[in-house]
Amino acid sequence: IAELARNSCRRSDWGTAAALYREALECLQDQGSQKVECDVLGELSQCLLALERYDVALSTQQLRLDTATAIKYREAKADSLHGLGVCLAALQDHSSALEAFTETLKVAGELGDAALHASTLGNIGVCHSRLGQHDQALRFHTRRLQAARRSNDCRSVVFVMGNIAACHEAAGNYTQALQVHTQRLRVAHGLQDQLLQLQAMLLQSDCHMKLGQLDKATGILERVVALAVDDISLASVRTCALSKWGDCCALQGKPVRGLELQQEALEEARGSGDDALIAHQLGVCAACMVTLDRTTEAIEMYEAQMKLCQAQKDRAGQLAALQG
């Protein structure tokens, strides 16, 4: 039954997988197979996270932790502590998540589990960032970066450098953030991963904009738009680049050109079929139209944004549309 559940996971059929894992757990009751039960509970929790049922995932991980502690199954204990932290972070309880991850770090160190130890360092860094503790976050992300470099995990290097740059940006250190993004771009280039390269370039442009270097930001964004053409997998990147380019034009006192680029970004978003992206871009275009005194058209766009956000049950988006 558990193997059937795993097959459902491979198809991203999380609801079916969760039901099958629960059936497997029923079969295990009173069988004395608590170690197997721990493993199945962990897999069930992952399904519940994918279904965004964070409260149930949290209680499942707590049950797993209690069982693993009782039978001294240390690997499952470490993993369930990490799972608790993930669930708590998803519920925005970053202080409690930090406690769970700190305990995970200790147990992972005792077990010699280098992968879990490294991953947890990054999670602790993220928790500190969410709590506004950027210096502490930077310290843990730096340790995570060192671990990724020791293991030659270049993809993790790219990911962690993004977190480090975000810490610098949060502290207003845009020059340092720009330097990190430039290093990140080199690593992504070495991986020959176009998506990672373009994402790093977008973040470079953000730093240039924050530093008032609009011409440099525009030059980067033009390159991103050109590189992301005719590739549906890069549609969201191209949309984002066009929108940021439009922002640059507006800051440079070229609102008409800015609106043209925002409208082009809207068409790209529509082509991608991503309703959240379309709704966001409708709001951006509407704001540009207000600036140009095209109020009637702006209202129509805000109304379209509202309908999409209502369909997605996006309350923040609905409030933004109502404010517009």
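**Cysteines, helices and what packs around them**

Modeller: Let's begin with C207, whose sulfur sits 12 Å from the closest cysteine sulfur, that of C248, so the two are too far apart for a bond. Bear in mind that this is a predicted model. C207 is also buried, with a relative accessibility of 0%. The other cysteine to check is C47: its closest cysteine sulfur belongs to C9, 3.6 Å away, and that is too far for a bond because the cut-off is 2.5 Å. C47 is buried as well, at 1% relative accessibility. With a disulfide taken as a sulfur pair within 2.5 Å, the count comes to 0.

Now for the nonpolar packing. The largest nonpolar core has 22 residues, and the members touching the most others are L198, V224 and W245. Four helices each supply at least two residues of this core: α11 (194-210), α12 (214-227), α13 (235-251) and α14 (255-272). Take V224 as a worked case: once its neighbours within four places in sequence are left aside, V224 is in contact with L198, M201, L202, V237 and A241. There is a second, separate core too, with 18 residues, including A2, L41, L44 and C87.

Buried in α10 are A177, L178, V180, H181, R184, L185 and A188. These residues cover an arc of only 160° around the axis, so they are on the same side of α10. They pack against α9 and α11. Turn to the other side of α10 and you find R186, H189 and G190 exposed. After α10 comes Q192, with a positive phi near 55°.

At the N-terminal end, D113 caps α7, with a side-chain oxygen 3.4 Å from the backbone nitrogen of A115. The buried residues of α7 include L116, L121, I124, C127 and H128. Among the elements covering the buried residues of α7 are α5, α6, α8 and α9. Just after α7, G132 takes a positive phi of about 80°.

One of those covering helices, α6, holds E103. E103 counts as partly exposed, because its relative accessibility is 32%.

Finally, two loop residues deserve a click. Q92 is in the loop between α5 (74-90) and α6 (94-111), and its phi is near 65°, positive although Q92 is not a glycine. N152 lies in the loop between α8 (134-150) and α9 (154-170); this residue isn't a glycine either, and its phi is positive at about 55°. Q92 has a relative accessibility of 58%, so Q92 counts as exposed. N152 is exposed too, at 65%.

Technical notes:
Residues numbered from 1 in each chain as written. Predicted model: local features only at pLDDT ≥ 70, side-chain atom pairs only at ≥ 80, totals over all residues. Heavy atoms only, no water. Buried < 20%, exposed > 50% of the residue type's maximum accessible area, 1.4 Å probe, protein only. Core = buried A, V, L, I, M, F, W, Y, C linked by side-chain atoms within 4.5 Å. Contact = heavy atoms within 4.5 Å. Polar contact = N/O pair within 3.5 Å; in protein donor to acceptor, adjacent residues only side chain to side chain. Arc of directions from axis to C-beta.
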